[in-house]
Each structure stands twice: as structure tokens, then as C-alpha cells.
Amino acid sequence: MSKLALWVLTGLTAVTTVFFNVYIFLMTLWNQTGKKDRSPSETIIMALAAADVAYQLMCYAWMTMDQVDSDCQMVGIFYTILLVLISSFKFTIIWDTSFLTFYYSTKLVSTPNHCYTQIQAAILKHATLAVFVIPLLGLATCTPILVVFQLDNRTQWETNDMDCGILLPESTVGRAYDVIFLLLSDVLPGMVMLKCCISISVHLAVHLRHMKASTNGAHPPKLGSEMRVVQMSLALAGNFLIFLAVDLYVNYEVVVKHENSLAIALFITSVYATVTAMLLIYGKKTLWKTMIRDINTCLDAYPCLSCLKLPEQKAPPGSPPKVKK
């Protein structure tokens, strides 16, 4: 796929990413008006939405400059610093998603391990501090790229379709750092999400079995809004695992085979951010219903677009109360 096609596709993805994440951020901020405390989940979601928007803007800025300055005449350090910032925001997005899945797993799953429970409580108590520390850790982790990686001069001389400012781990130290970076930015948060995913799945299976036994199989068990959170958490983990597999493969193509696949990596991360935002909106039922209502209200002004209106589901009478997330 050409870089121009990836630039167009990333632009379309950027629009949806910015729209969904700005909507999440503003609605979460608006709903907190007049309240004293913000829940940890809302704090993490707002941090994740802000990181998604920042990543998307910087990512598209780099891809646009790469298209305009096709011969890379601009100072290479500009592109390099921009790529380092993009990597740090990618680090932030992945860890914020992992942190959010961890939060929901602590709310859904109770553990008899008192020590582990205390550690969970201590982490969630300082959720606001954590969402500020994660971007700083991301920047600190990505900054050594400027020192241990080298400019890809080979690409510059062999092809005109080059990626401006890209650095590659040509030395032994650089390759070792690349492995450590992938472990910290991709594999470790993936392991956290996988552990939380397994815990939630086991909790769901046990809970459904108990509920079915208590009703003697008279009717299928219902979990209300808790089931929505379970679905969102598992979908977030599944979305990340797919992204992880593709991202590691693209990194292999760039580092080992010296392929110009950076634009593909940025596009894949953009798609991941978009899907994550959609899952976050779906997981918060009030936000999902509000967005559908707002979209339908906007479409009411244009009768020719009435076919695009989304169905609004009303809560049936006697439905279980909403679980506070």
C-alpha cells in the first residue's frame, strides 16, 4: 500500500478518533459539574481520551509533513523528535487502556488475597497521580531512542519513498534497547490486560452458574449494566491483543528487514485508538445513549439523512438498577 493511500486512510481514521475522544472527554467533564470527586474510571478515561487525541494530531502532522517534504529537505531532528513524541503517546495510550482494564477487574472480581487487595486499593487510590506519571514514564522510556538509534541513511540513498527522520537500532545496544522498549510498551501491559481478561472471564462464568442455579434454570440470568462493563473490558483486551500481534510484526519489518512500514504502524495504532474509543462509549451506557440521541437530533435537521438515524433503545419496565462504574 502506498504512503499516499495510508495518509488518506489515517486522515479518515483521525476524524473519527478525534470526534469520539473529544466527545468522551467533554461529556465526562460535563457530567462532573457540581460533583466533588471524580471516580478513578472517569479519570483514566479522560486521560486516555486526551492521549488519543494528542497521538492522532501528532501522527497525522508527521504523515502530512512526510508527504509534503517527500525528499526530506527539512532538518531531520524535527521529524525524529516528532516520532519520539508519537512513540511516547502510544506508550501512554496502551498503559492507560491496561490501567482501565485493571480498574474494572478490581471492581468485578473479588480476591481472597488480602495483600493483593491492599495493593489494588493503593494503586486505585492514586489513580490521578498514575495518569500523570504514565506519560512521563512514556517520554522517559522513548527519549533514549535519540541516543542509541541511528538515522536510516541506507533508505535515504536507495529509495525516494523514504520515511523522514526514522531511527533504527543498528548497534547491539540499540537492538537490546528495542527489545526492552517493546517489552515495556507492548508486552508488559498486554500481560496485565490478559490477566485481567482471564479474571473477568472466570468471574463471569462462576457468576452466571450461581445465578442460573439460584433460579433453577427457569430463565436466563441477567447481569444488567455489569454485563456491559464485562463485554467492554473483554473487548478492550481482545482489541489490544490483535493490535499487539500486528504491531510486533510491523516492528520486525522496520527493524530487521528495513522496510518502510512506519506509516502502516501509525495507521494501525490510529485504528486501535478509534476502536478503543468506540468501546469506551459503548461500555458506559449513559454515554452511549446520549451519543445516539445527539446524533439523531443532528440528523433530524436534514430529512434526506433520516435513513442514517440510529435506533434508540428504551429501558424496559422493571429493569435492574444501573451499576455505578
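**View 1. Helix 3 gives the nonpolar surface patch its largest share.** Of the residues in this patch, three come from helix 3, and that is the largest share. Keep in mind as you look that this is a predicted model. The patch is formed on the surface by M74, V75, I77, F78, I81, L146 and V147. Together these residues have about 630 Å² of accessible area. Which elements give two or more residues to the patch? They are helix 3 and helix 6, the latter covering residues 145–148.

**View 2. Helix 3 and helix 5 cross at roughly 145 degrees.** Here you can follow helix 3 (residues 76–108) as its axis comes within 8 Å of the axis of helix 5 (residues 127–142). The crossing is right-handed. On the helix 3 side, the contact is made by V84, L85, S87, S88, F91, T92, W95, D96 and F99. Helix 5 answers with A127, A130, V131, I134, P135, L137, G138, L139, T141 and C142. Sorted by class, this contact has 13 nonpolar, five polar and one charged residues.

**View 3. Helix 1 meets helix 11 in a right-handed crossing.** At what angle do the axes of these helices cross? The angle is roughly 115 degrees, and the axes come within 12 Å. Helix 1 spans residues 3–31, while helix 11 spans residues 285–300. Look for F20, Y23, I24 and M27 of helix 1, which make the contact with L287, T290, M291 and D294 of helix 11. By class, six nonpolar, one polar and one charged residues take part in this contact.

**View 4. K90 and D247 meet in a salt bridge.** How many salt bridges does a search of the whole structure find? The search finds one. In this pair, the side chains of K90 and D247 come together at 2.8 Å, N to O. K90 lies in helix 3 and D247 in helix 9 (residues 225–255), so the pair ties together parts that are 157 residues apart in sequence.

Methods
Residues are numbered from 1 along each chain as its sequence is written. This is a predicted model: local features need pLDDT of at least 70, side-chain atom pairs count only at pLDDT 80 or more; totals for chains, interfaces and linings use all residues. Side-chain values use heavy atoms; hydrogens and water are left out. Axes are lines fitted to C-alpha atoms, for helices over the stretch in contact, and angles run from 0 to 180 degrees between N-to-C directions. Helices (H or I, at least four residues) and strands (E, at least two) are DSSP runs, numbered from the N terminus. A crossing is left-handed if the near helix is turned anticlockwise from the far one by less than a right angle, and right-handed if clockwise. Contact means heavy atoms within 4.5 Å. Ala, Val, Leu, Ile, Met, Phe, Trp, Tyr, Cys and Pro count as nonpolar, Asp, Glu, Lys and Arg as charged, and the others, Gly among them, as polar. Patches are made of residues with over 30% relative accessible area and no salt bridge: like charges are joined within 9 Å, nonpolar side chains (Val, Leu, Ile, Met, Phe, Trp, Tyr) within 5 Å. Accessible areas come from the Shrake-Rupley method with a 1.4 Å probe; for residues, only the protein chains shown count as cover. A salt bridge is a side-chain nitrogen of Lys or Arg within 4 Å of a carboxyl oxygen of Asp or Glu.
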